[in-house]
Amino acid sequence: MSKTAVQFRHNGNDVAVFVDGGTNLLTTLRDSIGDTAPKYGCGQGTCGVCTVLIDGEPHLSCLTLAETCQGLAVETANGLKNGPALHPLQVAFMEQFAAQCGFCTPGMLMAAKALIDRNPSPTREQVVEAISGNICRCTGYEPIINAVLAAAAARGARRA
Ligand code: FES
Ligand code: FES
């Protein structure tokens with residue numbers, strides 16, 4: 001089968017891969033680039049564990065063809081840290097006990113990042129809506145919602 005060359009930014013670095021037609025972004029990230037932060041859950045767009053940001057917007061990487069990412073910026077949870085410093089969302093998830101098994105966490109973090117990047121002071125309802133496509137089997141969601149609100153507040157405090 002012929003392969004297609006795709007180039008995009010991955011967590012700030014330029015990458016180039018050859019993909020088979022129909023290969024999704026999730027498989028490309030995990031198997032070709034070695035970024036296993038986005039998880040494979042349902043594979044059909046219903047669980048959210050594969051959520052990544054493409055040009056700052058949340059997308060389900062299991063439903064995104066890798067070829068469509070040509071020239072775009074793809075962010076995953078592996079790109080959240082700044083050197084040794086955790087992202088405020090990662091700190092808040094730790095402090096609020098928002099991760100138990102952790103399987104949903106990379107997708108939750110990216111959905112939350114998309115929200116607080118465009119809306120630095122979200123309401124509780126806006127947080128609930130932003131993560132509504134991401135299923136968590138462990139936490140009951142309250143610690144996650146609290147963590148997103150805490151991260152937004154912490155970022156706001158740092159900017160003030
Ligand atoms: S693996 Fe993509 S939505 Fe479930
Ligand atoms: S922490 Fe286990 S699924 Fe969310």
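Which residue in the turn of the E3–E4 hairpin has a positive phi? In this predicted model, local features need pLDDT of at least 70 and side-chain atom pairs pLDDT 80 or more, while totals for chains, interfaces and linings use all residues. Residues are numbered from 1 along each chain as its sequence is written, chains are lettered from A and ligands numbered from 1 in written order, and side-chain values use heavy atoms, without hydrogens or water.

The residue is Asp55, with a phi of about 50 degrees. Two residues separate strands E3 and E4 in this hairpin. Helices (H or I, at least four residues) and strands (E, at least two) are DSSP runs, numbered from the N terminus. Strand E3 covers residues 51–54. Thr51 and Leu53 point one way from E3, and Val52 and Ile54 point the other way. All are buried, that is, under 20% relative accessible area with a 1.4 Å probe, protein chains only.

E3 pairs with two strands (pairing requires at least two DSSP bridges). Four bridges join E3 to E4 (residues 57–60), and the two run antiparallel. Here Leu53 stands opposite Pro58. Strand E5 (residues 73–75) is also antiparallel to E3, over two bridges. In that pair, Ile54 faces Val74.

Helix H5 (residues 142–159) meets helix H2 (residues 88–95). Their axes come within 8 Å and cross at roughly 135 degrees. Axes are lines fitted to C-alpha atoms, for helices over the stretch in contact; angles run from 0 to 180 degrees between N-to-C directions. H2 and H5 are therefore oblique to each other. Angles under 35 degrees count as roughly parallel, over 145 as roughly antiparallel, 65 to 115 as roughly perpendicular, and the rest as oblique. The crossing is right-handed, meaning that the near helix is turned clockwise from the far one by less than a right angle. H2 contributes Pro88, Leu89, Ala92 and Phe93 to the contact (heavy atoms within 4.5 Å). H5 contributes Ile144, Ala147, Val148, Ala150, Ala151, Arg155 and Arg158. Nine of the contact residues are nonpolar, none polar and two charged. Ala, Val, Leu, Ile, Met, Phe, Trp, Tyr, Cys and Pro count as nonpolar, Asp, Glu, Lys and Arg as charged, and the others, Gly among them, as polar.

H5 also meets helix H3 (residues 105–118). These axes come within 11 Å and cross at roughly 40 degrees. H3 and H5 are therefore oblique, and their crossing is right-handed. Met108, Ala112, Leu115, Ile116 and Asp117 of H3 touch Ile144, Val148, Ala152 and Arg155 of H5. This contact has seven nonpolar, no polar and two charged residues.

Conventions: Buried means under 20% relative accessible area, exposed over 50%, partly exposed in between (1.4 Å probe, protein chains only).
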